[in-house]
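This report walks through selected local features of one protein chain. Please keep the sequence and the model open while reading.

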Amino acid sequence: MGAPLQVAAVVVRILSQLWKKPIVIEMGRIVTGADDPVVLHVSGGNTQVIAYSEGRYQIFGETIDIAVGNCLDRFARVLTLSNDPNPGYNIEQGV
């Protein structure tokens, strides 16, 4: 994990303990409405395949240097789609 992410993770854990609040990450279930979603998380140069099962998220595969996001960006450029708000969103809207 990169240094900035390590610092952020430590800060979140400390605040969670100080305020006696749990750390909750529920992106896949909230966005999709599914009970056990499989999510393709694309961020910068990273890609992860994440699934929710047995009460927790599990990473099935990930890359740290080859991103599906780069492919989506290039595909959007070929189709001359706008980057506002982001190429992936505009591809989804056109499907």
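Helix α3 (68–78) is part of what covers the buried residues of helix α4. The model is a predicted one. Helix α4 spans residues 87–94, and its buried residues are Pro-87, Asn-90 and Ile-91. Viewed down the axis of α4, these buried residues fall within an arc of 105°, so they line one face of the helix. An α-helix has 3.6 residues a turn, so residues three or four places apart point the same way. Which exposed residues sit on the face of α4 turned away from its buried side? They are Glu-92 and Gln-93.

Strand β2 covers residues 46–53, and Val-49 is found in it. Asn-46 lies in strand β2 too. Take Val-49 first. Its relative accessibility is 34%, so Val-49 counts as partly exposed. Leaving aside neighbours within four places in sequence, Val-49 is in contact with Val-38, Val-39, Leu-40, Gln-58, Ile-59, Phe-60 and Gly-61. Gly-61 is 12 residues from Val-49 in sequence, yet the C-alpha atoms of the two are 5.3 Å apart.

Now Asn-46. This residue is partly exposed because its relative accessible area is 34%, a value between the 20% limit for buried and the 50% limit for exposed. With neighbours within four places in sequence again set aside, the contacts of Asn-46 are His-41, Thr-63, Ile-64 and Ala-67. Another pairing involves Glu-62. Asn-46 and Glu-62 are separated by 16 residues in sequence and by 7.2 Å in space, C-alpha to C-alpha.

**One aromatic pair**

How many aromatic pairs does the ring-centre rule give? The count comes to one. The pair is Tyr-52 with Tyr-57: their ring centres are 4.8 Å apart and their planes stand at 65°, so the pair is edge-to-face. The angle decides the label, because planes over 60 degrees apart count as edge-to-face. Tyr-52 has 11% relative accessibility and therefore counts as buried.

Glu-54 has a phi near 55°, a positive value in a residue other than glycine. Thr-80 also has a positive phi, about 55°, although it is not a glycine. Where does Glu-54 lie? It lies in the loop between β2 and β3 (56–63). Thr-80 has its place in the loop between α3 and α4. Glu-54 is exposed because its relative accessible area is 75%. Thr-80 is exposed as well, because its relative accessible area is 68%.

The table lists accessibility for residues discussed in this report.

| Residue | Relative accessible area | Class |
|---|---|---|
| Glu-54 | 75% | exposed |
| Thr-80 | 68% | exposed |
| Val-7 | 52% | exposed |
| Val-49 | 34% | partly exposed |
| Asn-46 | 34% | partly exposed |
| Tyr-52 | 11% | buried |

**A nonpolar surface patch**

Val-7 belongs to a nonpolar patch on the surface. Val-7 has its place in helix α1, which runs over residues 3–19. Is Val-7 buried or exposed? At 52% relative accessibility, Val-7 counts as exposed, because the class begins over 50%.

Conventions
Residues are numbered from 1 along each chain as its sequence is written. This is a predicted model: local features need pLDDT of at least 70, side-chain atom pairs count only at pLDDT 80 or more; totals for chains, interfaces and linings use all residues. Side-chain values use heavy atoms; hydrogens and water are left out. Patches are made of residues with over 30% relative accessible area and no salt bridge: like charges are joined within 9 Å, nonpolar side chains (Val, Leu, Ile, Met, Phe, Trp, Tyr) within 5 Å. Accessible areas come from the Shrake-Rupley method with a 1.4 Å probe; for residues, only the protein chains shown count as cover. A salt bridge is a side-chain nitrogen of Lys or Arg within 4 Å of a carboxyl oxygen of Asp or Glu. Helices (H or I, at least four residues) and strands (E, at least two) are DSSP runs, numbered from the N terminus. Buried means under 20% relative accessible area, exposed over 50%, partly exposed in between (1.4 Å probe, protein chains only). Rings of Phe, Tyr and Trp (its six-membered ring) pair if their centres lie within 6.5 Å; planes under 30 degrees apart count as stacked, over 60 as edge-to-face and the rest as tilted. The arc is that of the directions from the helix axis to the C-beta atoms. Contact means heavy atoms within 4.5 Å.
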